Amino acid sequence: MCGIVGYVGGGKKVVPLIIDGLRRLEYRGYDSAGIAVGGNGDTFELRRAPGKLKNLEEAVRAHPLEGTYGIGHTRWATHGRPTEENAHPHRDCTGSIVVVHNGIVENYLALKQELSAEGHKFVTETDTEVIAHLIEQEIAAVARSGVTLKLEDAVRSAALRLTGAYAICVLHAKEPDKIVVARNGPPVVVGLGDGEYFVASDVPGILHHTRNLYFLADGDVAILTRDGVQLTDLQGNQIERPVQRITWDPIQAEKGGYKHFMLKEIFEQPRAVRDTTLGRISLDSGKVFLSEMKISDEEFQRTGKINIAACGTSWHAATAGKFMIERLARVPVEVDYASEYRYRDPIADPTSIGILITQSGETADTIAAQREMIAKDAKTIAICNVVGAMIAREAHGVIYTHAGPEIGVASTKAFTAQLVAIFLFAVHLAQKRNTVSESESRLLLEGLSLLPGKLHEVLNSADSVCEQLAKTYSTARDFLFLGRGIHYPIALEGALKLKEISYIHAEGYPAGEMKHGPNALIDETLPVVVLATKDESHRDSKLRYEKTLSNIQEVTARSGKVIAVATEGDEHIGQLVEHVVFVPPAPELLLPVLEVVPLQLLAYHIAVRRGCDVDQPRNLAKSVTVE
């Protein structure tokens with residue numbers, strides 16, 4: 001989950017380049033930061049600081065350093081406290097080898113004991129320091145026979161001894177203008193410039209310098225020098241990876257005048273939904289076109305079950321997707337937390353399809369779930385936001401969400417794009433299985449095509465309403481979010497957003513389960529957010545709405561304060577509750593895309609009023625690339 005940036009080549013000032021890249025990756029970790037640069041003799045200059053990146057910047061201003069190549073790191077602590085001594089980069093005993101690392105070395109204690117017995121001195125509490133000493137040991141062992149071991153060979157040998165997950169970048173003062181990179185688990189991208197080369201743990205870190213990237217796979221080693229990039233496996237065999245061209249506009253990763261990335265990304269949702277839909281539907285024929293599928297029509301037709309695995313916000317999208325797929329394609333769907341999937345001996349077979357939902361495409365638990373599905377001979381489909389990501393490369397099909405880079409740790413536009421992607425899949429599968437008529441398909445896709453405009457309406461009307469609500473409820477200690485059917489996972493998502501960025505305890509609950517416990521929590525201090533939208537053309541939606549009104553009355557009878565999200569034109573609901581946020585009418589299965597926006601805005605404005613760090617909430621990181 002840590003941020004890594006490296007540069008080798010010429011013509012650019014390396015220190016500001018690396019720090020700028022780290023700033024763009026700070027969402028991946030902000031417990032501490034550090035930089036190491038070389039090019040002025042046979043030593044490295046290091047600066048490290050605990051806390052956020054601004055502390056490292058202050059350290060660099062106080063004690064400037066210069067170089068022609070280097071590596072930098074922002075840390076999300078796993079082993080060792082977030083102190084200066086535990087900040088990366090880490091060095092070996094000689095100080096000539098420096099390492100930055102994303103991941104967890106599971107056997108670091110055994111390696112540390114072994115290396116300590118050999119005379120190595122450790123100065124940190126981290127697992128990463130073991131890697132630097134292990135590389136030192138490999139070089140020293142060969143040197144005793146009079147042979148000089150190249151850095152890349154030492155890194156490969158050391159990597160073979162590591163158990164766990166790692167993405168590492170290594171420098172050696174005796175081999176200047178060289179960065180050696182190795183991956184097993186956490187993502188790494190290598191950027192190709194004009195006589196200069198970059199490495200980062202995520203695309204935004206180097207997107208301002210190049211759009212041509214290698215996405216390394218597990219077991220890959222990359223050697224970056226002024227002469228180019230060489231790729232090998234851990235045995236030293238030459239390998240090839242396709243160059244991926246990233247189409248994201250770098251400006252999309254800037255705040256663009258918004259106070260926070262999260263607010264900018266909330267307001268980018270109309271575009272994200274439009275771009276995710278673009279080129280995939282025909283309103284004339286009512287057809288959905290998903291081109292990146294290696295699954296035949298016959299395999300879709302004989303699908304007996306679908307397993308969806310995801311984490312966090314993506315799990316909420318998956319749970320909403322269950323309603324979409326079962327309603328339209330009439331296939332049973334199981335939804336698992338990806339972190340739990342392997343531990344229940346799941347049932348999957350060649351008639352199953354596994355769907356993996358992840359913004360980054362590199363979530364460790366979701367990749368592990370995918371591999372479990374593939375091991376059981378199931379086909380897998382990835383829904384992710386990063387072209388060429390690991391989960392997409394290993395899948396039999398992929399639906400990319402074209403949300404653009406999402407910097408705020410609390411996901412917003414990626415979530416709505418995921419809802420759209422899984423809706424497209426549900427219609428696509430229903431068409432292959434002939435479970436929806438042509439006229440029904442057309443109506444569904446017309447509704448989808450109108451979503452961007454309706455999202456603009458919600459944003460324009462709900463932002464000021466939610467800002468006012470935040471003034472009233474920002475001091476609340478608890479919140480309850482209620483929904484029924486497909487709206488229940490949106491209640492979960494609303495609760496998650498609030499707790500992530502405002503640190504208020506919040507809980508999402510099925511509205512029909514109020515009598516089975518949550519009613520005991522309700523009093524005059526408890527705000528209750530109720531999803532009470534309806535689709536007048538849908539019989540089940542009207543029934544759900546009527547039952548939800550009964551739940552609202554349960555809350556108000558106990559003096560709870562209700563904030564309802566309702567459909568425009570609903571004059572009745574305003575008589576029952578203190579506050580209403582309206583969204584435009586939409587088909588039942590698409591209402592969640594509109595409903596979630598007021599919940600995001602409410603969480604945002606409450607967090608701002610409470611003085612919380614909206615983009616970088618405590619103890620969280622954007623991409624969970626370790627288990």
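Student: Which residues of α14 are called buried?

Tutor: Ser441, Leu444, Leu445, Gly447 and Leu448 of α14 are buried, a term that means under 20% relative accessible area, with exposed over 50% and partly exposed in between (1.4 Å probe, protein chains only). This is a predicted model, in which local features need pLDDT of at least 70, side-chain atom pairs count only at pLDDT 80 or more, and totals for chains, interfaces and linings use all residues. Residues are numbered from 1 along each chain as its sequence is written, and side-chain values use heavy atoms, without hydrogens and water.

Student: Against what do the buried residues of α14 pack?

Tutor: Their partners include α7 (269–277), α9 (312–329), α13 (413–433) and α15 (451–473), where contact means heavy atoms within 4.5 Å.

Student: What makes strand β2 mostly covered?

Tutor: In β2 (residues 32–38), seven of its seven residues are buried. Ser32, Gly34, Ala36 and Gly38 lie on one side, and Ala33, Ile35 and Val37 on the other.

Student: Which strands pair with β2 in the antiparallel sense?

Tutor: Pairing requires that DSSP finds at least two bridges between two strands. Six bridges join β2 to β3 (residues 45–50), and seven join β2 to β4 (residues 69–75); β2 therefore pairs with both under the definition. Val37 stands opposite Glu45 in β3, while Gly34 has His73 in β4 as its bridge partner.

Note on methods
Helices (H or I, at least four residues) and strands (E, at least two) are DSSP runs, numbered from the N terminus.
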